[in-house]
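Here is a short briefing to read beside the model. Keep the sequence and the 3D view open as you go.

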Amino acid sequence: MIVICEAKATEEQINSVRQKIQSAGLEVHRSDGAEYTVIGVVGDIKRLDSGALQTMPGVREIVRVTSPYKLASREFHPEDTVVRVGENCQVGGTDVAVMAGPCAVEDDEQIEACAEYVAASGAQILRGGAYKPRSSPYSFQGLEEEGLKKMRLAADRHGLAVVTEVMSSEQIATVAEYADLLQVGARNMQNYQLLKDLGRAGKPVLLKRGMSATIQEWLMSAEYILNAGNPDVVLCERGIRTFETATRNTLDLSAIPVIKQMSHLPIIADPSHGVGIRRYVAPMARAAIAAGADGVIIEVHPNPDKALSDGPQSLTFDEFSLLMNRCRIIATTIGRRLGKH
Ligand code: PEP
Ligand code: MN
């Protein structure tokens with residue numbers, strides 16, 4: 001349930017409403033918009049006398065939230081959420097954030113070359129897996145903490161923030177020591193224990209869409225993180241499994257405007273995993289920005305043919321900088337600013 005306060009409601013009136021709700025044992029989430037203050041109520045609303053609440057001074061309207069997610073819903077929080085990542089980057093608002101780097105951190109030279117190049121092309125966040133969820137146990141599994149160290153050093157040398165995957169609750173403390181944005185991979189979107197523990201991680205979370213997850217299930221997963229106390233969640237559309245085999249996944253670009261309608265959380269697109277084939281990555285990145293994405297995350301590699309993971313979908317440096325120049329034009333055309341500025 002949400003309580004929409006009158007535009008002219010006084011602080012005192014808003015506080016009385018809050019106290020009334022809290023005294024019934026329910027939780028209050030306040031959101032101050034440009035026009036109205038909205039008070040979200042979480043808990044068993046049967047315990048609340050909504051008739052009495054409705055007539056309190058300063059109350060304009062009471063609305064029942066019908067979606068099973070509350071904190072993630074647009075109704076609860078009408079304004080867009082903007083998530084700060086590291087010192088100089090924000091995801092959401094008018095900015096379009098750029099995250100780029102290799103699928104996996106491989107060695108010092110590789111991550112340094114990537115950091116140098118993506119920073120020079122306007123990216124703000126360096127991506128790279130140190131704990132890799134691979135389909136085969138015989139594939140490269142990542143450099144683990146060594147990889148995190150290498151990535152942090154390379155990012156710091158070039159003024160970048162770091163996004164990297166955390167695969168289990170036991171890894172959170174270590175990953176949070178090096179990263180600015182903690183990535184939940186598609187395979188872990190419904191690992192509810194991990195989501196709850198990330199609610200207490202003290203760092204923003206990038207929540208990828210599960211490969212067979214509906215938008216509602218995805219928002220329910222975001223709800224776990226928000227409900228556990230972490231308001232800084234960024235969603236990432238990374239493609240879903242469909243009957244189509246021409247691409248690795250089907251990048252669901254319609255999820256971008258749908259999420260914008262249903263939720264206040266920022267959403268970025270991952271065209272690399274979305275299509276899985278290098279030549280299709282750039283057109284889908286451009287389309288994602290045109291569709292309203294708050295950012296993109298893109299795999300690049302100094303020598304994609306030699307990459308230890310996801311080489312076929314990784315862009316070369318030249319392809320990446322050309323893409324950035326085109327994306328910048330698209331962002332400007334729709335009144336946004338792309339990357340570092
Ligand atoms: C990745 O970003 O490298 C990754 C493994 O992504 P996903 O979880 O979307 O497959
Ligand atoms: Mn990858």
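Predicted model: local features only at pLDDT ≥ 70, side-chain atom pairs only at ≥ 80, totals over all residues.

The manganese ion (ligand 2) is held by four named residues: Cys-103, His-273, Glu-299 and Asp-310. Helix H3 packs against H11 and against helix H4.

**Manganese site**

- The manganese ion (ligand 2) is coordinated by Cys-103 through SG, His-273 through NE2, Glu-299 through OE and Asp-310 through OD.
- Along the chain, the donors follow the spacing C-x169-H-x25-E-x10-D.
- Glu-299 and Asp-310 are eleven residues apart and link distant parts of the chain.
- Glu-299 lies in strand S14 (residues 295-299), while Asp-310 sits in the loop between S14 and helix H11 (317-333).
- Both Glu-299 and Asp-310 are buried.

- Most residues other than glycine have a negative phi.
- Asp-310 has a positive phi of about 55 degrees, although it is not a glycine.
- Asp-310 has a relative accessible area of 18%, which is under the 20% limit, so Asp-310 counts as buried.
- Glu-144 is another residue other than glycine with a positive phi, near 55 degrees.
- Glu-144 is found in the loop between strand S8 (125-127) and H4.
- Is Glu-144 buried, partly exposed or exposed? Glu-144 has a relative accessible area of 43% and is therefore partly exposed.

**H3 against H11**

- The axes of helix H3 (residues 108-120) and H11 come within 10 Å.
- These axes cross at roughly 25 degrees.
- That angle is under 35 degrees, so H3 and H11 are roughly parallel to each other.
- H3 passes H11 in a right-handed crossing.
- H3 contributes Ala-113, Cys-114, Tyr-117 and Val-118 to the contact.
- H11 contributes Phe-317, Asp-318, Phe-320 and Ser-321.
- By class, the contact of H3 with H11 has six nonpolar residues, one polar and one charged.

**H3 against H4**

- H3 and helix H4 (residues 145-157) pack at an angle of about 30 degrees.
- Their axes are 9 Å apart.
- H3 passes H4 in a right-handed crossing.
- On the H3 side, the contact residues are Asp-108, Ile-111, Glu-112 and Ala-115.
- They meet Lys-150, Met-151, Ala-154 and Arg-157 in H4.
- Which classes make up the contact of H3 with H4? The residues divide into four nonpolar and four charged, with no polar ones.

- Gln-110 has its place in helix H3.
- Gln-110 has a relative accessible area of 4%, so this residue is buried.
- Leaving aside neighbours within four places in sequence, Gln-110 is in contact with Pro-102, Ala-104, Val-105, His-301 and Pro-302.
- Asp-156 is found in helix H4.
- Asp-156 has a relative accessible area of 48% and is therefore partly exposed.
- Asp-156 and Ser-121 are 35 residues apart along the chain, and their C-alpha atoms are separated by 16 Å.

Technical notes:
Residues numbered from 1 in each chain as written. Chains lettered and ligands numbered in written order. Heavy atoms only, no water. Donors = N, O, S within 2.8 Å, 3.2 Å for Na, K, Ca; no water. Helix = DSSP H or I, 4+ residues; strand = E, 2+ residues; numbered from the N terminus. Buried < 20%, exposed > 50% of the residue type's maximum accessible area, 1.4 Å probe, protein only. Axes fitted to C-alpha atoms, helices over the stretch in contact; angles between N-to-C directions. Parallel < 35°, antiparallel > 145°, perpendicular 65-115°, else oblique. Left-handed = near helix turned anticlockwise from the far one by under 90°. Contact = heavy atoms within 4.5 Å. Nonpolar A, V, L, I, M, F, W, Y, C, P; charged D, E, K, R; others polar.
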